[in-house]
Amino acid sequence: MAADSDPESEVFEITDFTTASEWERFVSRVEEVLNDWKLIGSRAGSLTPEKGEFTSGSWGEKSQDIQFADFKFHISHYFLKQECEQDDGKDQPEEDAFPVAMQDLLCMNNDFPPRAHCLVRWYGIREFVVISPGTNCEAITSESKCNLLLSSISISLANSGSQVPMFVQIQQKWRRVYAGECQGPGVRTDYEMVHLRKVPSQYNHLSGLLDIFKSKIGCSLSPLPPINISIRFTYILQDWQQYSWPQQPPDFDTLLGGEVGGVEFGKLPFGACEEPISELHLATTWPHLTEGIVVDNDVYSDLDPLQAPHWSVRVRSAENPQCLLGDLLTEFFKLCCRKESTEEVLGRGMVEEEGKENSDISCALSKLTEPTATVPISKLSVSNMVHSARKHIRRHRRIDESPLNTDVLNSILLYLFPDAAVEKSSENSKNRTNPSNCCGKDEQNKNSDYNLFLQLKSAPSNSLTYRLALCACLVNYNHGGLRAVAHLWQEFVLELRYRWENNYFIYGLPAGPPDLRCCLLHQKLQMLNCCIERKRARDETRKVLEGSRERERRVPPPESTTAAPGSAREMSPGKSWDSWSDSEEEFFECLSDQGDMEAEKDGSKSRAEGRLHPFNNTTLLKCTEPLYVPVTQEPAPMTEDLLEEQSEVLAKLGTSAEGSHLRARMQSACLLSDMESFKAANPGCVLEDFVRWYSPRDYVEEELVNETGNKEVKGELSARMKIPGNMWVEAWDTARVTPARRQRRLFDDTKEAEKVLHYLAVQKPADLTRHLLPCILHATILKLKEEESIEDIPSVKKTIQQATGQASKLLHPLNHDYKKLEDFINQLMLMETAITRARSLKAKFASCEDGKEEHTEELEKFVSSLLEEPEVVVIGAGQGPAGSIIHRLFVNAQRLADFTSDEAALLAPLDDDLCRDKKPTGGSNKVPDFPSPAGREILLRTCVPRPAPYSKALPQRLFCVLMKEEFRLAGAFSLDTSFF
């Protein structure tokens, strides 16, 4: 008894039976979702949708999962984002106002939206909730389950007071069958649907559908309120035979002919090889009709498409049409996955091995009888001998058949190295000191496009690397694939070696050290050019010295010859004297004695060597001689991979004192060289003098007042220079008095050139492809920009800009993500398809019969709209300039449909004359102007009292879809729940 009187135990034992069943829990859960989404109560106050707002406006969507026992449902809320009317207190909604969804049933501003949810098209609603079976759940096919769900949403709407229509998806998903309900104060709308595979013959026209509608609303009023009718017929055009091929036919007489879209080297092909527009859909609409105005039954129809007051057009693109630029990129990208080396592809190494063996098939048996110790027993069989001989003969045949035609190869090499055409007979090529002039200056004027290579880490457009990428891509696509690319690369490397050995600059590379902003291959070529430049400078210097020595032999030398080298330097001020000797060892043996001798003597101006110019009127600290800037060796140029390799070596030295000291010594080679040059140019100098020139921040000056009261400036080395064991002090003490021209070379051009050539020679075709991929993507983006500028497509222009930023992120890392690059190439292909689609449409709508300028502008605007919008209104319907062209397209297609392709080709030239002779209605021709409509949509609306004559007059709507293999009726029928 004590336990029973305990309040807590009483509360604990109370059982709540209000949501006991699974069905009631489901209803409660639906109400909770409606409450969370704030869909309860009246939805009045929204603006009436403007014309076309269902297509141009923005739609929102919310989704959530709910359970009915162990069955999962997906509940979604779709709504048109609109601004609400300002609530100024004047137009307060009435308590018994119709729900917004019921008002939308009669709205005519968005009857046939081209892009919207199917329920929006069928019922004209702007907000609704859909409950559909969850993923991997079976469809709701039984009638009892459908009724149970409809009851659930009806109770949820009633309990929550929501006026948003709610639908349940039933039957299989592909059928898109829905049933639903919308409740308001004293009114309800039932949404019903019929879906069949075939159109019943009695309902294949407007009169039969009107009979269904009238019988469903069951209005006993006489006369019956007028029924508003909207009709849309859709015609599909698929035959483009009367239009020319999208690409020029191949010219077999040219060197690069025989290929579709064949272009000269240096230009990328572009465009589709097939029609990029698969279908043109013409929608002819009669927006406002009544029952007595139009006749459409099984005997006669007034619905002539040429007489329709409203035309609209949409185009459907072909799925993945073959486009030249896309194919070119795809095939080139595939090379990245190949494993073969150049020798394996061309068979060179294998030939040398097989050359030692007897390849004649007739010797196979005799070879079996003469076994040697070097032949394994397993190989001593007739089949192996014959197979080996055949393989060898086949390989010989492949070698004889060069992958690249000689003429094609010569034209490629001439394109890559245009200076080779005059190289044999002209010395100006060898005397050219500025190889950067070859980069086109027209492109530099377009700063954004020219500097695109900086974003993509490729190479300047029209540089050698860029041109090589174009050639490799075209050779792979048109002239032999992998073997042709390997052949081209081999010849390219041989040409580079020839230029190195013969002191010819590599054409098409900017002067200076490797540009680390470019791709690695471009850096390697620049490095080789630097080596050639140093080698040429050394050879020219040797010639100058040899000439001066020859003159000295002929002419008696003056008393002092110590200034001769200085006079030679002054002939070319500013030039680096880093490589006077042909090898590192020349003059190197005598440096020690000479340095000691010069160190022992007092410095004088006559003994100074390697001076460039005075340094800001500054004098040496220990004497009154001017401080001169010395001629120094240029620092050794480095490519990206060498810098990374050097960083790894330095990092491996560790953080110990010994490692740090060794690291500092390795990094001070250039500093030591500059110190030696400075000592040679400024005899009697001290470390402070060098620091004043080399690192002014490390020389601290301050004004002091001396004993006489005058101000004087005194300076000293900075604190870091005074640290014990400072590397600068150590380097200064060990530095000899040696001008730059007599120092050991910091940059061994011979060694570096051989390293570059070896690096290039061992590159596999796949490695080459990876090196050139940034350049190819660079060229592709430029090509897309060029083609887009001709067609002027804003959406494509914006996409290209976005793609450029994306490519910059993908190409800057040294190791590329090839999966993302493949996706990026697919994006570029979509842009090419969009441009070719624009070109195709312009070709079809370019000709205007009357030639008026305003009509031409209208057609251009029409084509531009077709590319950007899902559906475009044809101004003037069938009588306007665009409508006339569309009419002619259908007439030609209808006419050609009755003939074979050969007969059609003969009849095609007469199209224009026949079109002008046709009557506009097209009714008197044997062949109709238009085919049978692919789809017919009929929308019936009225406002009648239901269910009784004294009930409120409520909106009723029936949307009918009649297609070859589909018949759909989507009805929204309202009834009065107060007066029935």
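This report looks at one helix pair and a handful of salt bridges in a predicted model.

**A helix pair**

Let's start with H14 and H19. Two packed helices are described by the angle between their axes and the distance between the axes. Here H14 covers residues 406–416 and H19 covers residues 464–478; the angle is about 160° and the axes sit 10 Å apart. Angles over 145 degrees count as roughly antiparallel, and H14 and H19 are therefore roughly antiparallel to each other. The crossing of H14 past H19 is right-handed.

Who does the touching? On the H14 side, the contact is made by Ile-412, Tyr-415 and Leu-416, while H19 brings Leu-464, Arg-467, Leu-468, Leu-470, Cys-471 and Val-475. Sorted by type, the residues of this contact come out as eight nonpolar, no polar and one charged.

**Salt bridges**

Now for the charged pairs.

| Asp-111 | Arg-941 | 2.8 Å |

Take Asp-111 and Arg-941, which form a salt bridge. This pair links distant parts of the chain, 830 residues apart: Asp-111 is in the loop between helix H5 (100–104) and helix H6 (118–123), and Arg-941 is in strand E15 (residues 935–945). Are these two buried or exposed? Buried means under 20% relative accessible area, so Asp-111 counts as buried at 8%, and Arg-941 counts as buried at 1%.

Glu-275 sits in the loop between strand E7 (228–237) and strand E8 (277–290) and Lys-844 in helix H32 (residues 818–844), so the pair ties together parts that are 569 residues apart in sequence. Glu-275 is partly exposed, with a relative accessible area of 22%, whereas Lys-844 counts as buried at 3%.

Helix H32 also holds both Asp-823 and Lys-819, four residues apart, or about one turn of the helix. Asp-823 is partly exposed at 35% relative accessible area, and Lys-819, at 52%, counts as exposed.

Finally, there is a group to look up in the viewer: which residues are linked in a network of salt bridges? They are Lys-783, Glu-787, Glu-791, Arg-839 and Lys-842.

Technical notes. Residues numbered from 1 in each chain as written. Predicted model: local features only at pLDDT ≥ 70, side-chain atom pairs only at ≥ 80, totals over all residues. Heavy atoms only, no water. Axes fitted to C-alpha atoms, helices over the stretch in contact; angles between N-to-C directions. Helix = DSSP H or I, 4+ residues; strand = E, 2+ residues; numbered from the N terminus. Parallel < 35°, antiparallel > 145°, perpendicular 65-115°, else oblique. Left-handed = near helix turned anticlockwise from the far one by under 90°. Contact = heavy atoms within 4.5 Å. Nonpolar A, V, L, I, M, F, W, Y, C, P; charged D, E, K, R; others polar. Salt bridge = Lys/Arg side-chain N within 4 Å of Asp/Glu carboxyl O. Buried < 20%, exposed > 50% of the residue type's maximum accessible area, 1.4 Å probe, protein only.
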